[in-house]
Amino acid sequence: MNDILLDVKCLKKYYKVPKGILHAVDGVSFSIEKGKTLGIVGESGCGKTTVGRAILRLVEPTDGSVIFDGIDILKLNKKEMRNMRKEMQLIFQDPFSSLNPRKTIAQTIEEPIILANMIPDKDKRFMRVIELMEIVGLAERLINTYPHELDGGRRQRIGIARALAVNPRFIICDEPVSALDVSIQAQILNLMKKIQRENDLTYIFITHDLSVVNHFSDDIAVMYLGRLVEKAPSEELFLNPVHPYTQALLSAIPVPRIHNRPKRILLRGEIKSPINPGSGCRFANRCNYAEPVCSQEEPVLGEIEPNHFVSCHFCHNFNKGRQNVPLPKVCAEG
Amino acid sequence: MDAKKVNTQENTLEIKNLEIEYFSDDGIVKAVNGIDIFIKTGKTIGLVGETGAGKTTTALSILNLVPEPQGKIVSGEILLEGKNVLTMNEDELEDIRGDKVAMIFQDPMTSLNPVLTIGDQIAEGLEIHRKISKKESIKQAKEMLELVGIPGDRAGEYPYQFSGGMKQRVVIAIALACSPDLLIADEPTTALDVTIQAQVLMLINELKDKYRMSMLMITHDLGIVAEVCDEVSVIYAGNILEHGNLKDIFDNMLHPYTKGLFDALPDIETRRSELKPIKGLTPDPTNLPSGCPFHPRCDYAMEVCFSVMPGNKWISSTHCVQCHLYKDTDKNML
């Protein structure tokens, strides 16, 4: 745990809406080591995208700190932040709407280089664009094509090339393969892994697709309604999910096989509103194990095993396949 | 599939040698190229394929909804309980649409009318097809809502007042209101979160059994196929490359494309470092490859594949594949 590149502490993003305060992200903390990938999973509206944007200050966080390589970037002024953005880039979800339709591939990839004023010489810049296209597997003949002429997979390659253009150390990938077909999705995931290895990149990989995140990440953080409910190394999380929400989420994945189908844990009801969520565990209204304490007291994120963090009043009871043991009333630890 | 191999009496739907083309500025788009689909009463067939494979076009053709004039059903017949849909006049079509055959569309956010209450939208079909009074139809609409797990007294609310999962339940209630013999579900859960998807799939499974409905399930997700379907057709570039029951397709897949689809999926249990994508891209539908449409991406392509379209090879009474690697009743060559 020494080589930490990014340390996020108690990150909050609230929005004022007519009905009250919308808690999009509510006190999320985690850290990522250099060269590793943290997967953030959760369902729509859980705040995973907002976490990504708040880290890059694309939305201004309400509270908390984001320490990147020892520097608290929330304290940087506009000019310093602009410099910092060279280190931190973003790959967007939808390769259909995140590219400017009136710019060619070359112009799109070149733009961040110009903005960062990295290669003033035009010819050298052009060579760099060609180089980047080669890295992401785009044929040189496509250099003057426009986004509408290309399929989703190629467009996402442009998005990756654009993110790589300024030699970042850290990239947030926000659902980079959700819009793609499986056969193309595998190509892009392999490419992103290869680039990570070759450039020693650190990734945050935001997705709702649990099989993809398991394949791609070293650690996985599960979010529910603006909060982190569980974080563990990927294998540990899939083998031994502790939080009732994580268990239900994992059991809901439709697995493509017909034998040994996993038993499904069905959740009641729907996610509650993030506007004025009130006290208590936010999952309590859907939880199969909820007790009165759950709707009164907020559970704290505690480390139940090395590197395995859970935020649940009863996390110790759910551990190690003892889900069916009657639950004594205990309070959160850690 | 040979017509003589199936008993016509027990099929709700028979699609024979269907060909559909679209006319565009770039030329003729061959969307569907001579497919056969037979759905036995009470059974569910999964139509699996990637973007542009012709899944949705096939679904639309069953209700003769292929947009004209740019789209045209060039040949084939679609027999719904023995009657050819393609020769029906507009009045006859109106009679079966929403009554005998109902459809669930992919996106519940756009398939509901935003200015009508959900009660009115469910009642509309009942009023038209059952020729009952408005009052009676609203009463039945409320019962339908209860059936899909929404309190009946919310019938007076508008779509924006419901979450995505609930909207899709409303769409299902509309589709099932007249207890159709055939339900066409076009990616019914793609827009939903996994835990909500699990709820909706379970609901579809329950209702399907309850009403002994036949179903055509269109999806790109093999996990969903494993969960709800009895048989699977794998469609690629408007051709059904492989068809079989779940065991045939999941345990005994024969076509290199089917195999490629499975291999490209990240496995949730074993984390391989490298995914196996299918090389290349889906073909341009205005300019399909000669011979087998999959040959440019196929690792097993032989000379004959470049020029001759393989016919249906029956491996067993349930399992059929279009590939030169196999002869009738030939097995396990991959």
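**Close-ups of a predicted two-chain model**

**View 1. Strand β8 of chain A and its neighbours.** Thr37(A) has Tyr203(A) as its bridge partner in β8(A). A few notes before going on: this is a predicted model, where local features need pLDDT of at least 70 and side-chain atom pairs count only at pLDDT 80 or more, while totals for chains, interfaces and linings use all residues. Residues are numbered from 1 along each chain as its sequence is written, chains are lettered from A and ligands numbered from 1 in the order in which they are written, and side-chain values use heavy atoms, with hydrogens and water left out. Helices (H or I, at least four residues) and strands (E, at least two) are DSSP runs numbered from the N terminus, and two strands pair if DSSP finds at least two bridges between them. Back to β8(A), residues 202-207: five bridges join this strand in the parallel sense to β3 of chain A (residues 37-41). Five bridges, again parallel, link β8(A) to β7 of chain A (residues 170-174), with Asp174(A) standing opposite Ile206(A).

**View 2. Both faces of β8(A), covered.** In a regular strand the side chains alternate between the two faces of the sheet. Here one side of β8(A) carries Thr202(A), Ile204(A) and Ile206(A), the other Tyr203(A), Phe205(A) and Thr207(A), and all of these are buried (buried is under 20% relative accessible area, exposed over 50%, partly exposed in between, with a 1.4 Å probe and protein chains only). β7(A), helix α6(A) (residues 182-199) and β8(A) make a right-handed β-α-β unit; right-handed says that, with the strands pointing away from the viewer, the path from the first strand over the helix to the second runs clockwise.

**View 3. Helix α9 of chain A, tucked away.** Eight of the eight residues of α9(A) (residues 244-251) are buried, so this helix is largely enclosed by the rest of the structure. Among them are Pro244(A), Tyr245(A), Leu249(A) and Leu250(A).

**View 4. The eight-stranded sheet of chain B.** This open sheet runs β6-β7-β8-β3-β9-β10-β12-β11, with mixed pairing. Its edge strands are β6(B) (101-104) and β11(B) (313-314), each pairing on one side only.

**View 5. Two edge-to-face aromatic pairs.** Rings of Phe, Tyr and Trp (its six-membered ring) pair if their centres lie within 6.5 Å; planes under 30 degrees apart count as stacked, over 60 as edge-to-face and the rest as tilted. The count comes to 10 aromatic pairs over all chains. Tyr224(A) and Phe283(A) make an edge-to-face pair, 5.1 Å centre to centre with 80° between the planes. Tyr224(A) sits in β9(A) and Phe283(A) in the loop between α9 and α10 of chain A, so the pair ties together parts 59 residues apart in sequence. Tyr224(A) is buried at 2% relative accessible area, and Phe283(A) is buried at 2% as well. In chain B, the rings of Phe250(B) and Phe262(B) have centres 5.2 Å apart and planes at 80°, so this pair is edge-to-face. Phe250(B) comes from α9(B) and Phe262(B) from α10(B), so parts 12 residues apart in sequence are tied together.

View 6. A salt bridge is a side-chain nitrogen of Lys or Arg within 4 Å of a carboxyl oxygen of Asp or Glu, and the whole structure has 26 of them over all chains. Asp26(A) meets Arg282(A) with the closest N and O atoms 2.4 Å apart. That pair links distant parts of the chain, Asp26(A) in β2(A) and Arg282(A) in the loop between α9 and α10, 256 residues apart. Asp26(A) counts as buried at 4% relative accessibility, and Arg282(A) as buried at 5%. Over in chain B, Lys279(B) and Asp299(B) meet at 3.6 Å, N to O. Lys279(B) is partly exposed, with a relative accessible area of 43%, whereas Asp299(B) counts as exposed at 65%.
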